[in-house]
Amino acid sequence: MSSKQSLPTLRRISANDNPAIASVIRTVSAEYGLSADKGYTVADPNLDELFQLYSQPGHAYWVIEQDGKVVGGGGVAPLSCSEPDICELQKMYFLPTVRGQGLAKKLALLAFEHARAQGFKRCYLETTAFLKEAIALYEHLGFEHIDAPLGCTGHVDCEVRMLKNL
């Protein structure tokens, strides 16, 4: 890390962050070949309105900011069409400049804490096998692989599904 870069900070999303975090998600998705014509996050209709989405009850989203720029983020929300005690870890995306610094783990632990405070007992996530580093982190955090999808996320091409007790 060069001496010019400030340390990344983690904070709740604000309305002003919408274009920046949408750009991060699109950039990282393109890097891994996750196109919008498939059932990946990059195709979500609310991608440009994450602040509004995560301002709803039970929802929360955090961004990673470095040198005044949003470089990553992740959130948690109730899992739609599912049991009320299950939340979903969502939209965990980080630019290459901030990967490998423990920020995803820190953000996930914050999300679990928030979810427990909201009364959730389990946390679900969907990802794809391309994201090997992410899967390794989720396993380290106590997620276990499950066979079938839960809820109705619309992410039909996310073939890796995991669940964790909070």
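1. Helices (H or I, at least four residues) and strands (E, at least two) are DSSP runs, numbered from the N terminus.

2. Please keep the basis in mind: this is a predicted model, in which local features need pLDDT of at least 70 and side-chain atom pairs count only at pLDDT 80 or more, while totals for chains, interfaces and linings use all residues. Residues are numbered from 1 along each chain as its sequence is written, and side-chain values use heavy atoms, with hydrogens and water left out.

3. On overall form, the protein has a radius of gyration of 15 Å, which agrees with the value near 15 Å for a compact globule of 166 residues; the radius is taken over C-alpha atoms, and the globule rule is 2.2 Å times the number of residues to the power 0.38. Along the principal axes, the C-alpha atoms fill a box of roughly 45 × 35 × 30 Å.

4. Of the 166 residues, 46% are buried, where buried means under 20% relative accessible area, exposed over 50%, and partly exposed in between (1.4 Å probe, protein chains only). Among contacts (heavy atoms within 4.5 Å) between residues at least 6 apart in sequence, 65% join residues at least 24 apart.

5. A search of the whole structure finds 3 aromatic pairs. Rings of Phe, Tyr and Trp (its six-membered ring) pair if their centres lie within 6.5 Å, with planes under 30 degrees apart counted as stacked, over 60 as edge-to-face and the rest as tilted. The rings of Y54 and Y61 have centres 4.9 Å apart and planes at 45°, so this pair is tilted, and both residues are buried.

6. A tilted pair is also formed by F112 and F143, at 5.8 Å centre to centre and with 55° between the planes. This pair links distant parts of the chain, 31 residues apart, since F112 belongs to helix 3 (residues 103–117) and F143 to the loop between helix 4 (132–140) and strand 6 (144–146). Both F112 and F143 are buried, and together with Y138 they form one aromatic cluster.

7. E144 lies in strand 6 and is exposed, with a relative accessible area of 56%. Not counting residues up to four places away in sequence, E144 touches R161, M162 and L163. Between E144 and Y124, which are 20 residues apart in sequence, the C-alpha to C-alpha distance is 9.5 Å.
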